[in-house]
Amino acid sequence: MSEDSLLDHALIRLDEAANHLSIDADVIEKLKYARETTKVRLMIRMDDGSRKSFLAWRCRYDDTRGPTKGGIRFHPNSTADEVETLAFWMTFKCAVMNLPYGGGKGAVQVDPRKLSKAELERLSRAYMQAFARIIGPDRDIPAPDVYTNSMIMGWMADEYAQIVGQHQPAVITGKPLALGGSLGRGDATARGGYYLVRHLADDLGLSGVMRVAVQGFGNAGQHIARLLAADGHKIVAVSDSQGAVRAGAGLDVAMLIDAKGRGQSVAATAGTGGHESLSTDDIVGVDCDLLVPAALENMIDRDNAGSVRARLVLELANGPVTSEADAILADKGVVVLPDILANAGGVTVSYFEWVQNRQGYYWTVEEIHDRLRAIMEREGRAIWTLANDRGITVRTAAYVHALSRLADAIEAHGTQSFFTS
Ligand code: NAD
C-alpha cells in the first residue's frame, strides 16, 4: 500500500485512539485490515447495442459487532483504497452510535451522469447480481452514497428478491417509501448533524445566530442549509462541483434548492437576490461561524486548512479533513465535529429502516426524529465529555469511544492473556 493511501491516513486515527485505551494487541491486528474486499467487472448492454464493463467493489471491513453496513457509491474516481477506507469509517461510525452493525462499503467506477436511465438501471441490477452472495439482511446491508439514490436502492432490492425468490426488504436501506423505505431517511444525515450542533451549541459558545458556509450542495448540503436557515441561522456561502455563491446577509436557500432541482449549479443563482459568485475553492476560507463540508474526501488539507475562519467544522462528508489539516485546525482552536459522529444520522435512520422492515411495523416521522435526536444527543454528549475530560480533540474522542466498544466485542472472543495464562 502506498504511503499516501487514504486507508493509511485513516489508520493514523486508529493508532491515536489506541494510545488512550488499554486494549489487547488483537484488536489493532483485527482492525488494521479489511476482512474481505471483492472486485468484479460489471458488463452491461448499452442503449446503442454495445457492451461496456465497469469496475465495482464491495468491502466488508469488520463484522465483529454485527452484519456489515455501508453505502454504494457511483463515481468515476472510485478505487479499492477509497472503498476500504469508507468501510473502515463505517465500522467506527456504527460503533460510535452503538448500532448492531459492522462496517462495509461498495462502489462502481462510473460517471452515472453519462448513462441513460435504462443503462443506470441495468448497472444497478448488475451490481446486485454480482454481489448477492456477499450481501444479505444478516450479512451485509447496502445503502445510498454519492450519486446513488432511493430509486437505485429500489432496483437493487427488487433484483435481490428475484435472486433469492422472496421479498427481503431489509437487504438494503434508503429504499423508496413505497418499497419499505423509512420516513425521515431523506434528510437523516443532515438532521443528525443539525441535532448535534443544536445540542452542543452552548458548550461551543455558539448560542446566537450562526453564519454558515456549506461545501457541496447535494443531499446532505441542501438539507443542513434548509434546517439551519429555518432556525434563523444565515447561510452565507454554498458551493457545488461547478461553482459557489455567497451573500453576507444570507443566501436564499429555497432559490438554491430550486436551482439544484432544475439541474443547475448553485452558481446559476449569482446576480439574483443578492447572491454573488465565489470561486469553488474559496468556500473553505469564507468568514463564518460554522463550516459544513458536505462534498467529498480530502477537501480541507494542509494547503487550505490555515485559511479556515470558522470556529466549528461539522463534517457531513466522509473524510473531508486530512490528518495534517486536523493538526492545523486544532492549533487554531477550530473544533471539528468528526464524520463518524456528525454524519451518523444517515446510518442511524438506515438502521431504523432495517428494524422496521424486519418487524413489518412502521414508525411515524415524529418517532424517527425523536429516536434519532435521542441517539445523537446521547453519543454526542458522551464524546464531548470524553474530549474535555481527557483534553483530546472531538475526533480522537469519537475514535476512543468507538474503539472501546469494538475492543469489548473483539476481546470477548478471548485475549492474548486469556489464551496464554
Ligand atoms: P450528493 O451526491 O447528493 O452531493 C454531493 C455534492 O458535492 C454535490 O452537490 C456535488 O456537486 C458536490 N461536489 C462535488 N465535488 C465538489 C467540489 N470539489 N466542491 C464543492 N462541491 C462539490 O452526495 P451526498 O449524499 O450529499 O453526500 C455528500 C457527502 O456526505 C459524501 O462524503 C457522503 O459520503 C457523505 N454522507 C452522505 C450520507 C447520506 O445519507 N447522503 C450519509 C453519510 C455521509
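How many residues surround the ligand, and which are the closest? There are 22 around it, with Thr189, Asn219, Ala220, Ser241 and Asn318 the closest (a residue is near if one of its heavy atoms lies within 4 Å). This is a predicted model, where local features need pLDDT of at least 70 and side-chain atom pairs count only at pLDDT 80 or more, while totals for chains, interfaces and linings use all residues. Residues are numbered from 1 along each chain as its sequence is written, and side-chain values use heavy atoms, leaving out hydrogens and water.

- The side chain of Arg185 has an N or O atom 3.4 Å from an oxygen atom of the ligand.
- Phe217 places a backbone N or O atom 3.1 Å from a ligand oxygen, and for a backbone N or O atom of Leu316 the distance to a ligand oxygen is 3.3 Å.

- The axes of helix 6 (residues 188-200) and helix 7 come within 8 Å and cross at roughly 45 degrees (axes are lines fitted to C-alpha atoms over the stretch in contact, with angles from 0 to 180 degrees between N-to-C directions).
- Thr189, Ala190, Arg191, Gly193 and Tyr194 of helix 6 meet Ala220, His223, Ile224, Leu227 and Leu228 of helix 7 (contact means heavy atoms within 4.5 Å).

**Helix 7 with helix 8**

- Helix 7 (residues 219-230) and helix 8 (residues 253-261) have axes that come within 10 Å and cross at roughly 160 degrees.
- From helix 7, Gln222, Ala225, Arg226 and Ala229 meet Val253, Ile257 and Lys260 of helix 8.

Note on methods:
Helices (H or I, at least four residues) and strands (E, at least two) are DSSP runs, numbered from the N terminus. A polar contact is a pair of N or O atoms within 3.5 Å; within protein, one must be able to donate a hydrogen and the other to accept it, and residues adjacent in sequence count only if both atoms are side-chain atoms.
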